[in-house]
Amino acid sequence: MLVACNDTGKWNGIAFSKASENVKIKTSELKEVPADSYVPEEDLFFDVSVDMDFMYPKETGDSVACSTINRYLITQLLNQPDGATQQEAIDGYIQKKQAEFKAEEYMVTCYDHVTGDATYGRKGIINYTFAEDFFGGGAHPVQNVIVRRFRATTGEPVGLWDVFIDSCSTSLKNLLTERLMDQMNVKTLEDLKEIGFLDMVDMFIPENFWMEADTLTFFFNQYEIAPYAMGQTSLSFSYDELKPYMK
């Protein structure tokens, strides 16, 4: 069990603790080999793991904020029924992935590793990073990251437009594009497109962002603004830079 602690008053007495489960089974034990299928000589495996932070009150007793955040993690990130316990949600997620794998025709090593990490952020904000590393027999593995924020006092999710002014959308997109050009050391949008960014899509304001102590960092997954080979992209700003756009 891993527990992270901080000032009780500032963080409303919330601590983090890991809940984990891993299932690794030979593919041949889960399903029959389809007729005329090529199967490599080495053993193939179905490998799924979940390793997630959940919220706990530091003091004895119930915490509404902890319960609210945990319910969000279970229903919105693990896609399990409201009312499920943490262990039930993790087991349900793994069972769903196993059922999906058994329904497929391919006989390959398949892995799906899920992690959830909570960190203390700016002014009573808890940042939560939910990452899924998946490989199911395609050309390459894929990682998808979801970032969410919660108020430590209530457990309430903090959305994009809870932080930013609605009318600033165009200005904020321009700011993101300019920071991306600076980061890639290019001068124009056409230069960005030549190296693979924003060639097939326009810049957008992602729901994935961390509100850290001194900076706010936007995060783009693979394929969102560039091809797979360009990887994931993070763009960071000081709060002074973003102040004109923030509520």
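Two strands pair if DSSP finds at least two bridges between them. Helices (H or I, at least four residues) and strands (E, at least two) are DSSP runs, numbered from the N terminus. The model before us is predicted: local features need pLDDT of at least 70, side-chain atom pairs count only at pLDDT 80 or more, and totals for chains, interfaces and linings use all residues. Residues are numbered from 1 along each chain as its sequence is written, and side-chain values use heavy atoms, with hydrogens and water left out.

Let me begin with strand β3. Its pairing with β4 is antiparallel, over 10 bridges, and H113 has D133 as its bridge partner in β4. In the hairpin of these two strands, 4 residues lie between them, and K123 takes a positive phi near 50°. On β2 the arrangement is parallel, with 7 bridges to β3; there D51 is partnered by T115 of β3.

In a regular strand the side chains alternate between the two faces of the sheet. In β3 the covered face holds C110, D112, V114, G116, A118 and Y120, while Y111, H113, T115, D117 and T119 form the uncovered one.

Lastly, helix α6 is followed by N185, whose phi is positive, near 60°.

Technical notes. Buried < 20%, exposed > 50% of the residue type's maximum accessible area, 1.4 Å probe, protein only.
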